[in-house]
Amino acid sequence: MNFFKIIDQLSEVDPDVLDRFDSRRSVFSSLGSMAKRTALAATPLFLGTMFQKAYAGTTSTPVEVLNYALTLELLEADFYRQFQASGTITASTPAVAAIAQIKKHEDAHVALLTTTIRQLGGTPVAGTATTGVRFNPAVFSSSFPATYANYLAVAQALEDAGVRAYKGRAGELLGTDLLTVALQIHSVEARHAAHIRTMRSQTPWVSNTDDLATVPLTAPVYASGLPSGATAPTSITAGGATYGIPAYSTTSPSPVESNVVQSGVNLTTGLASQYTAADAAASFDEYLQAAEILASSRAGGLALLS
Amino acid sequence: MSDNLQSRSADDASFAQPLYTPIKRRSFFMYAGATAGASALVLAGCSKDSDSTPSLPAGNSNTSNGAISLGSGDVGVLNYAYALEQLEADFYSKVVTNGAAVLSATELAYFQQVAKHEAIHRDFFKAAITRDAGTQVLRGLTPKYDADTFQTRAKILTVAQTFEDLGVAAYNGAGKLIKTAAYLVIAGQIVSVEARHAAYIRDLVSYGSFADDLQVNSSGLDKAMAPAEVLAAAQNFITEKLDGSYVGVNN
């Protein structure tokens, strides 16, 4: 089946055919009479969710996507500033350099995203130690004291969440140089996550037996969905800027990190060899949608936004 | 319609310039996502296209100079990823088989997991490309290594780090070539796992080098390499000659 020839042929009889391709689902009903049924029967199983994801992402602007990223980078940068200032990192240990290196990258991400948003004519989200987007020190309390171990746990949650967050918006930058930049930040966050996890004696990759997946504060990072009763916002005001986020899809929820099905293929039973659920879950990281990341159960609860 | 798209691209700064190719009417659908699924359907048919589109090489076809083409468009990107995952899966399976004498028990256990991840990536791409593009799926390749590769911990780690950093750069550089959003998500889900592998191996080579200044630049960016550059490096480890000239190319 030559899809493009079909469009040409359709347009010869119906000059307005291109306007009819507005609803993604109607594409196939329009083609039904002309396409070979066998080709349509071979539709990849993930098509339904793919259309919903593509549809959800098409109304955002690059500035909005970047401001979302910047919000998370400001949160991380300030968190590491507080971590360094806490006095819990033992002097002359490798942790000093590791946290410094990670913070250096987060600061660089903040600078890069801020500059890029300004170049695009947008207003960048801002944050300092006392204003705008920053880590909420009240995350630590008598029930969750500001110990080195707890700082590291929050660091792991932030990094693993950041990796999921970038993944969730990549599709909106399809085909752009901006996408390349997002990918180049995203893989650095994954390196951070891996090292923090190593510092915590965990596997560098997300495992379906992660210790933080059972700690109430951090469990949502490894799951999906919104807190019970929460409504998903469609815009965020943070650090002096307001930006939209894609509508949260309840019909196409984000996968949980223990997921073993990719593109309709069950990785444990559907491949040339059998694999364990643990290996299958670890081999693919999962995305989270913006509303989930910014919810009070994840970044929204770890950050002060104004 | 194409005028609207081009004026939007003109307003954006160079960072956000969406497209290098002029918007043709048929290409509009790819960028609007409307044919995100249909592009998967036509992957099998595109290469055998007749009068109205230029002929692009099919994935897994033999080129006139004795190479194997990875194919064009999204098929090319998927086969490109599949080739790299084949290499990594083969390497780690050999590490697991041969490395017990020179790796610690913990290291061996972790490499056994990494080997599983890469095998899953490899098998996944074979299954997905076969499903979406049938005959264009890349054939099984024959990796090759220096004779002493698996004899010392240092050599194993050096090659492992090379592969993982290269894989991250490859996915980062290939991302913008992908036209189908669902494939981009898949690539994104894999590259972060490769980055985790890379960080772990770097920490074995030199603890704390998980994201050092040679790998991550002053803007905090990881490397991104174009297919040609990646394939030139990977070719040292692959017996068959691969041709990635049309990876991500659609017309």
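Helices (H or I, at least four residues) and strands (E, at least two) are DSSP runs, numbered from the N terminus. The model described here is predicted, so local features need pLDDT of at least 70 and side-chain atom pairs count only at pLDDT 80 or more, while totals for chains, interfaces and linings use all residues. Residues are numbered from 1 along each chain as its sequence is written, and chains are lettered from A and ligands numbered from 1 in the order in which they are written.

A:I102 sits in helix 7 (residues 94–119) of chain A. With 27 other C-beta atoms within 10 Å, A:I102 is buried. Residues up to four places away in sequence aside, A:I102 touches A:Y80 and A:H192. A:L267, by comparison, is 165 residues from A:I102 in sequence and 33 Å from it in space, C-alpha to C-alpha.

Chain B comes to eight helices and two strands, running α-α-α-β-α-α-α-α-α-β from the N terminus on. Buried residues account for 54% of its 251 residues.

Helix 4 (residues 73–98) and helix 5 (residues 105–133) of chain B pack at an angle of about 150°, with their axes 8 Å apart; axes are lines fitted to C-alpha atoms, for helices over the stretch in contact, and angles run from 0 to 180 degrees between N-to-C directions. Helix 4 and helix 5 of chain B are therefore roughly antiparallel to each other, the term for angles over 145 degrees.

A nonpolar core is a set of buried Ala, Val, Leu, Ile, Met, Phe, Trp, Tyr and Cys residues joined through C-beta atoms within 7 Å. In the largest one, with 146 residues, A:A69, A:L75, A:A182, B:L78 and B:A187 touch the most other members. Helix 7 (residues 181–205) of chain B gives the most to this core, with 16 residues. Beyond its neighbours within four places in sequence, B:A187 contacts B:A81, B:Y171, B:A174, B:G175 and B:I178.

Definitions and conventions:
Buried ≥ 20, exposed ≤ 12 C-beta atoms within 10 Å, placed from the backbone. Contact = placed C-beta atoms within 7 Å. Parallel < 35°, antiparallel > 145°, perpendicular 65-115°, else oblique.
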